[in-house]
Amino acid sequence: MRYQGSIEVNANKDTILNFLGNIEAVASCFPGIKDIKKDGEVYIVKGTAGIGFIKGDYTAKVKMKKTEEGFDLEAQGNGMNSNVNINAKIVVGDGKIDYTADVNVSGILASAGARLMEPALNKILNQLFDCIKKKVESS
């Protein structure tokens with residue numbers, strides 16, 4: 001599945017990049033995260049997620065790489081008898097964040113939760129970017 005969008009933020013590019021470069025700050029905006037630890041160049045993230053009636057804990061390895069335009073993000077997670085792989089590109093400009101993410105899901109979430117997944121992921125993305133916007137604009 002491919003997700004893409006854009007969010008307007010009342011801040012300059014450097015302010016947005018500084019916030020997004022702080023994975024702990026970004027993680028505070030992501031619903032359900034319980035713990036985040038750095039292990040070399042990778043962050044180990046533990047949290048709780050749910051799509052419809054399927055709920056449970058997950059562990060993910062997240063790697064963010066700064067680019068000239070913003071960040072590239074790779075994440076691999078597992079939990080609830082499912083695997084999720086995410087490759088995202090985040091492009092930052094003055095007053096704007098554009099994102100594109102390819103999300104591949106296998107296991108129970110892919111089969112039992114397939115029809116519920118898109119609305120649930122859109123809700124999570126909206127919550128995430130609303131929080132990021134508020135925190136960047138207040139900094």
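Trainee: Before we start, what pLDDT do local features need?

Mentor: Residues are numbered from 1 along each chain as its sequence is written, and side-chain values use heavy atoms, with hydrogens and water left out. This is a predicted model where totals for chains, interfaces and linings use all residues, side-chain atom pairs count only at pLDDT 80 or more, and local features need pLDDT of at least 70.

Trainee: How many bridges join β6 and β7?

Mentor: These two, β6 (residues 82-93) and β7, form a hairpin with two residues between them, and G95 in the turn has a positive phi of about 75°. The strands pair in the antiparallel sense, and the count is 12 bridges.

Trainee: And which residue in β7 stands opposite E8?

Mentor: β7 (residues 96-107) also pairs with β1 (residues 2-8), antiparallel, over seven bridges. Opposite E8 you'll find K96.

Trainee: What is the volume of the largest pocket?

Mentor: On a 1 Å grid over the protein atoms alone, a pocket is an open set of points where a 1.4 Å probe fits, with protein on both sides within 12 Å along at least five of seven lines; lining residues have an atom within 4 Å of a point. Points are joined across faces, edges and corners, and the volume is the space filled by probe spheres set on them. For the largest pocket that gives about 1,200 Å³.

Trainee: Which element gives the most to its lining?

Mentor: The lining has 46 residues, with F30, Y58, I86, L121 and I124 nearest the pocket's centre. Elements giving two or more residues include β6, β7 and α4 (114-138). With 10 residues, the top giver is α4.

Trainee: How many lining residues are nonpolar?

Mentor: Nonpolar covers Ala, Val, Leu, Ile, Met, Phe, Trp, Tyr, Cys and Pro; Asp, Glu, Lys and Arg are charged, and the others, Gly among them, are polar. The lining has one charged residue, nine polar ones, and nonpolar residues numbering 36.

How values were computed. Two strands pair if DSSP finds at least two bridges between them. Helices (H or I, at least four residues) and strands (E, at least two) are DSSP runs, numbered from the N terminus.
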